[in-house]
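Biologist: I would like to go through some labels used for protein structures and hear what each one rests on. Could we look at one together?

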Amino acid sequence: MRNKIVAGNWKMNNTLEEGVSLASEIVNIVADELKDDVKMILCPPFIHLNSVSKIIGDADKIALGAQNCNDNLKGAFTGEISVDMLKSVGVGYVILGHSERREYFGESNAFLAKKVKTVLEAGLTPIFCCGETLEIREKDEHFSFVTKQLTESLFHLSAADFQKIVIAYEPIWAIGTGVTASKEQAQEMHKNLREHIAGKYGSDVADSISILYGGSCNPKNAKDLFAQKDIDGGLIGGAALKSRDFVDIGKSY
Ligand code: PGA
């Protein structure tokens, strides 16, 4: 049985006060309404993490994630955040390789391989993002593009470490655009990713990995997407900023 996960990526939104009230609302609704077999992860900006961690407390259906970290453990890296700092405030997950970080901060597949290693060695779980642009899809190169992202950033791992990863397929043309991949398009890519993983690590490992879909996922389309055989939840941007919408997505299983 793969883990069902709905993670909310708040990106660079909300003041601390707004973030605290959003997290409190989510924690309260989740406690009453969410099924036991779904895990929700809140990924607020760094400065919110400590406060949101306290709001989550020991709630077992919600975990805390960060949106990024540095690949080094400590030292002279002005403005950066280390895995130990994240752990010290109760973070369990780290989003890595989001398309916005790839595009605006030049994060390459090789660089992400280093970050994945740092995060795993700290005992944290990477939520590794992959996904193609519209241009790549229109050239019909999306399968090879996305599988290459996995190969170059993750396939240096042992099978035991690979099994600790969560993958998020996020077609760039669907992120923040209101255009969602159809359930068929998403399922086809997730299946392809799982086959690619099986080719390297075997089908037992491939079958155990949670692969989330991200890109304009909302309470209306989540049910259809999550009903697909190879889709194990979502990485949610815009809709994660509204407590009701976010939890409704979590309830779409
Ligand atoms: P979106 O963002 O849900 O606003 O499209 C998803 C993401 O970037 O993770």
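Modeller: What follows sets some labels against their definitions.

Biologist: What should I know before we start?

Modeller: This is a predicted model, in which local features need pLDDT of at least 70, side-chain atom pairs count only at pLDDT 80 or more, and totals for chains, interfaces and linings use all residues. Residues are numbered from 1 along each chain as its sequence is written, and side-chain values use heavy atoms, with hydrogens and water left out.

Biologist: Why is helix 7 called oblique to helix 9?

Modeller: Helix 7 (residues 142-154) and helix 9 (residues 183-201) pack at an angle of about 40°, with their axes 10 Å apart. That angle makes helix 7 oblique to helix 9. Angles under 35 degrees count as roughly parallel, over 145 as roughly antiparallel, 65 to 115 as roughly perpendicular and the rest as oblique. The axes are lines fitted to C-alpha atoms over the stretch in contact, and the angles run from 0 to 180 degrees between N-to-C directions. Helices here are DSSP runs of H or I with at least four residues, strands are runs of E with at least two, and both are numbered from the N terminus.

Biologist: Which residues make the contact of helix 7 with helix 9?

Modeller: With contact meaning heavy atoms within 4.5 Å, helix 7 contributes H142, F143, V146, T147, L150, T151 and L154, and helix 9 contributes E188, M189, N192, L193, H196, I197 and Y201. These residues divide into eight nonpolar, five polar and one charged. Ala, Val, Leu, Ile, Met, Phe, Trp, Tyr, Cys and Pro count as nonpolar, Asp, Glu, Lys and Arg as charged, and the others, Gly among them, as polar.

Biologist: What makes helix 1 roughly parallel to helix 2?

Modeller: Helix 1 and helix 2 (residues 49-56) pack at an angle of about 20°, and their axes are 9 Å apart. The angle therefore makes helix 1 roughly parallel to helix 2. L16, V20, A23, S24 and V27 of helix 1 meet S51, V52, I55 and I56 of helix 2. Seven of the contact residues are nonpolar, two are polar and none is charged.

Biologist: How do you know that K11 forms a salt bridge with E100?

Modeller: A salt bridge is a side-chain nitrogen of Lys or Arg within 4 Å of a carboxyl oxygen of Asp or Glu. In K11 and E100 the closest N and O atoms are 2.8 Å apart, and the pair forms a salt bridge. K11 is in the loop between strand 1 (4-9) and helix 1 (16-33), while E100 is in helix 4 (residues 99-104), 89 residues apart. The whole structure has 19 salt bridges.

Biologist: Why does K11 count as partly exposed?

Modeller: Buried means under 20% relative accessible area, exposed over 50%, and partly exposed in between, with a 1.4 Å probe and protein chains only. K11 has 21% relative accessibility, so K11 counts as partly exposed. E100, at 24%, also counts as partly exposed.

Biologist: What about E107: buried or exposed?

Modeller: E107 has a relative accessible area of 6% and is therefore buried. Its side chain meets that of R101 in a salt bridge (2.7 Å, N to O).

Biologist: Why is D140 called exposed?

Modeller: D140 has 59% relative accessibility, so D140 counts as exposed. D140 lies in the loop between helix 6 (134-138) and helix 7. Its phi is near 60°, a positive value in a residue other than glycine.
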